[in-house]
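Please read the numbered points alongside the sequence and the three-dimensional view.

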Amino acid sequence: MTPILIFAGFRSYLNAQDARAERRNDLVEISDRAIDNVEQVLSTVDTLQQIYEGDIVGGDCRGVFTTLSPRVPQLSNIAYFNSDGMSECSALRDPGAVVAQPEAFELLRQGQTSVRTDAFFGPQSQTWLFSVLRRVEDVDGQFRGGIAFPLRTDELIRTIRLTNLPQDVELALSDSAGQVFGSARIAGVEPSWIELATGDEDGELFVINRADEGSIDVVVRAIVDNRIYAVISRPSPGLFSEFTLQPLESVGIPLLSFTLALIAAWMAVDKLVLKWLSRLRRLALIYGEGHYNFRIGNEFDNAPDEILSFARTFDRMANRIAERDSSLRTAIATRDSAVKEIHHRVKNNLQIVASFLNLQRRQVSDPSARNVISAARHRIDALSIVHQTLYQHERLETVHMQPFLDALLSHLAGALGMDEINVTIEQDIADIDRPADDAIPIALFLLEAVTNAMKYAFGEEGGAILVRLQQEEDEIVLSVIDNGFGVDEDEEDTPGSTGLGSRLMSAFAKQLRAEMKTISKPGEGFQVDLRMPATEREMKVTDF
């Protein structure tokens, strides 16, 4: 009887929890489409800020606002603030105003690219706003100011209510301080609710008990970046119906008897079994850490025969694993030495080939032929640097990109004679490791990109080339940026776009399963980006 009573009470509790979870999931499902609409608006604003950054910084806030306001009805204003927080451009007022969100603006100054603020009352629009700020940098990457796109809370609420909702469900918005907008039921939510909902995609269910309206189910969900929250509410059946259990006296005495019996059984099991299982677990953890030379000694002499036999078997297994581990380590060391020797010899042979090409170049008088031979020699030198890095690196399966690219760029600077033509090469290489199979296509891609910049980007006055390797979320981005002439990407006949170098760069990008993009405008330099997946993947065979 006792187990049945306990089971009934526990099942009642589980049913109550399931009912609560079902109510939360129902509200979450109802709100998904509405929240997607807000997320879409915020994503659109981020994109538009990037697209119109040049126009806004250039002072055309009103023109951009006139263009965007029909597409983004939530937009209240467009403004650009300089590094001191003073507006230099505003769609609805004269310049000279102080930024209304100094804390958020300070986050931009500290390096954040985009910041969404808590709600504030707009002095110009006379309504509550959420603002999206974006960092603006100069060509040297220094903080120049920020672009502000304030969004009207009433329009955002109108956006989420365009979704068909059940009659008893209400959707509203809240900022991280708990201030609620657009709700007839809730004036504000507790800060602890905001804290619990932050980082939880499904949101948290809370219950408000009111004397006039009864209980209300409230789900708080974070939107995008934990600055804006959706508040979904509907009348609830009340806490009493969820947690009704049988009276305590109907199960208390049998439950107490069962508890005492359980304690006695546990003490007996602990002495005969659990204590020894705990020691076996500790022994397994020791062996799991690789300490195979540890021996059990007489630690299990008083254990039951079955556990003693198991422990001795464990001990013999560890001894055999230790012998096999030693043999494998020796074999791996021998293999690594052989592979490093192979890379060393390949590097030496490539240097010999490069020397032969250099001698052959001196025998050729035709400038075009000399340039072709030089280009081939540079590519072979890049391969040589790859193999040199592989045999110098402790881990053969990966390449440390900082020293690898530093050596390659140093070689290119000397081989291409950058000092002679007043061209400098700068580096911004993150501390990243890449699979060894990626090293050769990355090196050759970088070689072709830098060579193209040297050929087409500069005049007699020279210039600068920046090579940058950074990780952005799930991508590794290699960028080669020059401050030379630039090109018009709308023109079909872009200089160098049909040459061997460009074809090779496209082939290397395919081999890396990466995406190559170019960004350029006349007079504003040229940038080529190679976006590679950050996770390891199989190499793609190319036909070049």
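1. In this note, a residue is buried when its relative accessible area is under 20%, exposed when that area is over 50%, and partly exposed in between, with a 1.4 Å probe and protein chains only. Threonine 127 counts as buried because its relative accessibility is 13%. The model is a predicted one, in which local features need pLDDT of at least 70 and side-chain atom pairs count only at pLDDT 80 or more, while totals for chains, interfaces and linings use all residues. Residues are numbered from 1 along each chain as its sequence is written, and side-chain values use heavy atoms, with hydrogens and water left out.

2. Threonine 127 belongs to strand E5 (residues 127-137); helices (H or I, at least four residues) and strands (E, at least two) are DSSP runs numbered from the N terminus. Contact means heavy atoms within 4.5 Å. When neighbours within four places in sequence are set aside, threonine 127 is in contact with Phe120, Phe121, Gly122, Arg152 and Asp154.

3. How many disulfides does the model contain? The count comes to 1 disulfide, where a disulfide is a pair of cysteine sulfur atoms within 2.5 Å. Cysteine 61 is joined to cysteine 89, with an S to S distance of 1.9 Å. This pair links distant parts of the chain, since cysteine 61 lies in helix H3 and cysteine 89 in strand E2, 28 residues apart. Cysteine 61 counts as buried because its relative accessibility is 1%, and cysteine 89 counts as buried because its value is 4%.

4. Helix H3 spans residues 61-68, and its buried residues are Cys61, Val64, Phe65 and Leu68. These residues cover an arc of only 100° around the axis, which puts them on the same side of H3. The arc is that of the directions from the helix axis to the C-beta atoms.

5. Proline 95 occupies the loop between strand E2 (87-90) and helix H4 (102-109). Residues touched by proline 95 are Ser87, Glu88 and Cys89, not counting residues up to four places away in sequence. From C-alpha to C-alpha, proline 95 and phenylalanine 81 are 9.0 Å apart in space and 14 residues apart in sequence.

6. Strand E7 (residues 170-175) has 6 of its 6 residues buried, so it is largely enclosed by the rest of the structure. Glu170, Ala172 and Ser174 point one way from E7, and Leu171, Leu173 and Asp175 point the other way. Two strands pair if DSSP finds at least two bridges between them. E7 runs antiparallel to strand E11 (residues 228-235), to which 6 bridges join it; tyrosine 229 in E11 is the bridge partner of serine 174. E7 is also antiparallel to strand E8 (residues 180-181), through 2 bridges, and serine 174 stands opposite valine 180 in E8. E7 and E8 form a hairpin with 4 residues between them, and glycine 178 in the turn has a positive phi of about 90°.

7. A nonpolar core is a set of buried Ala, Val, Leu, Ile, Met, Phe, Trp, Tyr and Cys residues joined through side-chain atoms within 4.5 Å. The largest such core has 44 residues, and those with the most contacts inside it are Phe404, Leu405, Val450, Ile465, Leu469 and Met532. Among the elements that give two or more residues to this core are helix H10 (367-392), helix H12 (436-456) and strand E15 (463-472). H12 supplies the largest share, 12 residues. A second, separate core of 42 residues includes Val28, Val72, Ala91 and Val136.
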